[in-house]
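Q: Can you walk me through this one? Keep it short, please.
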Amino acid sequence: MSLLTPHVGSQLVDLGSAVLLLICFAIVAQRRLSACVDLFALQSVFLAATAALVAFLTGIHHIYAAALLTLIIKAIVIPRILRKVIERLNVTRELVMNVNVPAGLLICGGLVMLAFFITQPIIPLGFLLTRDSLAIALAIVLIGFFTMIARKKAVTQVIGFLVMENGVFLGAAAAAYGMPLIVELGVFFDVLVGALIIGIYTHRLQDAFDSVDTGRLTTLKE
Amino acid sequence: MTLMMRAVLLVIAQIIVLLAVSPFIVGLIRKVKARLQLRRGASVFQPYADLAKLFRKQPVVSTTTTWIFTATPYIVFASTLAAGLLVPVFTSTIPLNFAGNIIALVYLFALGTFFLILAGLDAGSAFGGMGSSREAIVASLTEPAMIMSIFAIALTTGSTNLSTIVHKTALLEGIVTDPSPHLMALAALFIVALAETGRVPVDNPATHLELTMIHEAMALEYSGRYLALVEWAAGLKLLVFLTLIANIFAPWGIATNMEPTALGIGLAIYLMKVSGLAVLIGAVESMFAKLRLFRVTDFLGLAFILALLGMIFFYVLRG
């Protein structure tokens, strides 16, 4: 592989991370729930590809396993569960949000800046594989968190949570060359169970309030 | 051959390529859309026939219009062509490099848009005014996004001259100078290109439905050779945007010297690149529905934020 020099390799990892961030912004700007799920699945595919690239560049083989698990669980299984939930609940789009789309985009831009300023002192330490991926990973975590706050529908809040998890995974792959495999397995299991629980919780929400708007939960009183 | 003559020949060649290829790109996008809808569609060369027919027809001009109405098609066509001459097409060193940089390019487009808006108002019809007001909204939202995305690229290469940017990137090893800012800028510029040239998520070039049209509404009063010029300029603008995207973000294969073989290869690769982008636009237009006018701000806001991020990437991480 003479074509894939370390320089080009780290550029490709940066490019993959930037694609993930780009998809985050698309999720923030997207109102249709099914499109949000599709974008999350796409993000997971790119995440798996970036992780596989990191595995190839560093020669650490267990990252391949983590990348494969990402592809199966986050790009296929979880989106399928979420699509079923959306289909059963019969909600297609989110019309009212806590923060509207243009303001949300501006806030996310601010969050990215924040992430960059925070990670700036770490970059000169020199143990990172690439220049941008740690900053981008932190930005993705923050944007996922923001999505959970800004959206009212339970399904998009789940997507925010999953995007956060993607950010954590990218950070682990780019900065620490992946977590130990046993930790990765635990995290994947948690995420899967989390998605299932939130799926059931959304059904209960729908049964109780005829809506998946989590704002209604404040009316729960003894 | 003297240096001067060679420069003049290159400029003439660039004018001919831009003028000759732009109707083909329009036809190609229509063909792709037709095939994706399982129609046979008109030949990709149909726009040439349309233009030829329009040039032969006698134009009808309303008696209520002023000189702005008749001057606008020429201004729009000339400003778009001038903008096209500032962009490297098949060779990275263009003779008119000294004449202007990317800021000049943006405002040459803005000049054409401005006069088209005036012409839409000039005839005094309700549709023209509606189209003009919508175009003004879209133009005012795309301009900052376009400037920002181009600045992000200019920062990573250290020059605002397009020829220098493309030349530097083409001679580089690795993928591009700096992948993350470039990707953000590319996404922003692609959105801007869709909005500025009136493609689907923002405007629909295939319809004359009064509720949705923007560009068509402004050009509604035009006929004959005036219409031909406005349509040709629209195709030219689309081609210049595609050229900009192709050569800034993927300058591979562009001629970096003046050898005839390099120029020939550069031209062939250029045609492949813009055709590929045209197919992509046709696919995007088939996959997405047109946005409601009030959602266009979300879409263009996204472009602005991405372009801004491209610049911030550069300042924070490399500054």
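Q: What kind of model is it, and how do I read the numbering?
A: It is a predicted model: local features need pLDDT of at least 70, side-chain atom pairs count only at pLDDT 80 or more, and totals for chains, interfaces and linings use all residues. Residues are numbered from 1 along each chain as its sequence is written, while chains are lettered from A and ligands numbered from 1 in the order in which they are written.

Q: How many helices and strands in chain B?
A: Chain B has 11 helices and 0 strands. Helices (H or I, at least four residues) and strands (E, at least two) are DSSP runs, numbered from the N terminus.

Q: And what does chain B span?
A: The C-alpha trace of chain B spans about 55 × 50 × 45 Å along its principal axes.

Q: How much of chain B is buried?
A: Of its 319 residues, 50% count as buried. The cut-offs: a residue is buried if 20 or more other C-beta atoms lie within 10 Å of its own, exposed if 12 or fewer, and partly exposed in between, with C-beta atoms placed from the backbone.

Q: Give me a helix pair in chain B. How do α1 and α10 cross?
A: Helix α1 (residues 3-36) and helix α10 (residues 260-287) of chain B have axes that come within 8 Å and cross at roughly 40 degrees. Axes are lines fitted to C-alpha atoms, for helices over the stretch in contact, and angles run from 0 to 180 degrees between N-to-C directions.

Q: What class is that angle?
A: α1(B) and α10(B) are therefore oblique to each other. Angles under 35 degrees count as roughly parallel, over 145 as roughly antiparallel, 65 to 115 as roughly perpendicular and the rest as oblique.

Q: Left-handed or right-handed?
A: α1(B) passes α10(B) in a right-handed crossing. A crossing is left-handed if the near helix is turned anticlockwise from the far one by less than a right angle, and right-handed if clockwise.

Q: Which residues meet there?
A: On α1(B), they include Val21(B), Ile25(B) and Leu28(B). On α10(B), Val274(B), Ala278(B) and Val279(B) are among them. By class, the contact has 11 nonpolar, 3 polar and 2 charged residues. Ala, Val, Leu, Ile, Met, Phe, Trp, Tyr, Cys and Pro count as nonpolar, Asp, Glu, Lys and Arg as charged, and the others, Gly among them, as polar.

Q: What about the phi of Leu38(B)?
A: Its phi is near 60 degrees, a positive value in a residue other than glycine. Leu38(B) sits in the loop between α1 and α2 (46-56) of chain B. Leu38(B) counts as exposed, with 7 C-beta neighbours inside 10 Å.

Q: Switching to chain A. What is the fold made of?
A: Chain A has 7 helices and 0 strands. Its radius of gyration is 18 Å, close to the 17 Å that the globule rule gives for 222 residues, so chain A is as compact as a globular protein of that length. The C-alpha atoms of chain A fill a box of roughly 60 × 35 × 30 Å, taken along the principal axes. Of the 222 residues, 45% count as buried.

Q: Where does Lys152(A) lie?
A: Lys152(A) is in the loop between α5 (133-150) and α6 (154-175) of chain A. With 17 C-beta neighbours inside 10 Å, Lys152(A) counts as partly exposed. Not counting residues up to four places away in sequence, Lys152(A) touches residues including Glu94(A), Asn98(A) and Asp213(A).

Q: Now the interface. How many residues from each chain?
A: The contact takes 23 residues from chain A and 18 residues from chain B. On the chain A side, the largest share, 10 residues, comes from α1(A). By class, that side has 16 nonpolar, 4 polar and 3 charged residues.

Q: What does α1(A) do against α7 of chain B?
A: The axes of α1(A) and helix α7 (residues 179-196) of chain B come within 8 Å and cross at roughly 40 degrees. That makes α1(A) oblique to α7(B). The crossing is right-handed. Leu15(A) and Leu22(A) of α1(A) are among the residues making the contact, as are Leu183(B) and Met184(B) of α7(B).

Notes. Contact = placed C-beta atoms within 7 Å. Rg over C-alpha atoms; globule rule 2.2 N^0.38 Å.
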